[in-house]
Amino acid sequence: MIRIVVSGLLAAFILTGVTTGLLNLREGQPSQDIDCEFRTRILRDWLVSKIEHPYTLRGDETDFANLLRETQTACADRNPELKKQLDTLENIDDASNAWKQRSDAVRTELRAL
């Protein structure tokens, strides 16, 4: 009986966490509904994954940029430390995109030889 209760509580905890994460990834949320700290962690993890696996997450660049911009708009006035973190994420994303473009150009040139 205890196993069933613990399993049910664990499943509810996991479901709540997944639901919270997905709700925070929705674009177009009202500013007051955005959990800035949580969304900043999600954006950080997304950027880490995007940098570590640059060719497996195609199509996510626009989604990431839109979510980052929306988060910056909603959270800039709430916490100066979060604004600094979000600006850093934007700078790293810009550098990563520039590196990827240079890498693609060099790869194309190399294949043409």
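What you see is a predicted model, in which local features need pLDDT of at least 70 and side-chain atom pairs count only at pLDDT 80 or more, while totals for chains, interfaces and linings use all residues. Residues are numbered from 1 along each chain as its sequence is written, and side-chain values use heavy atoms, with hydrogens and water left out.

Let me begin with the charged pairs. Taking a salt bridge as a side-chain nitrogen of Lys or Arg within 4 Å of a carboxyl oxygen of Asp or Glu, the count comes to five salt bridges. One of them joins Arg39 and Glu70, whose closest N and O atoms are 2.8 Å apart. Arg39 sits in helix 2 and Glu70 in helix 3, so this pair ties together parts that are 31 residues apart in sequence; helices here are DSSP runs of H or I with at least four residues, numbered from the N terminus. Arg39 counts as buried at 0% relative accessibility, and Glu70 is buried as well at 19%, where buried means under 20% relative accessible area, exposed over 50%, and partly exposed in between, with a 1.4 Å probe and protein chains only.

A second salt bridge brings together the side chains of Asp93 and Lys50, at 2.5 Å from N to O. This pair links distant parts of the chain, with Asp93 in helix 4 (residues 80–112) and Lys50 in helix 2, 43 residues apart, and both Asp93 and Lys50 are buried.

Lys83 and Asp87 form another salt bridge, with 3.1 Å between the closest N and O atoms. Because Lys83 and Asp87 are four residues apart in helix 4, about one helical turn separates them. Lys83 is partly exposed, with a relative accessible area of 38%, and Asp87 is partly exposed at 27%.

Turning to the rings, the structure holds one aromatic pair, by a rule that pairs rings of Phe, Tyr and Trp (its six-membered ring) if their centres lie within 6.5 Å, with planes under 30 degrees apart counted as stacked, over 60 as edge-to-face and the rest as tilted. The ring centres of Trp46 and Phe64 are 5.5 Å apart and the planes stand at 85°, so the pair is edge-to-face. Trp46 belongs to helix 2 (residues 36–52) and Phe64 to helix 3, so the pair ties together parts 18 residues apart in sequence. Phe64 is buried, with a relative accessible area of 0%.

Finally, the surface. Met1 lies in the segment before helix 1 (2–24) and is exposed, with a relative accessible area of 78%.

Note on methods:
Helices (H or I, at least four residues) and strands (E, at least two) are DSSP runs, numbered from the N terminus.
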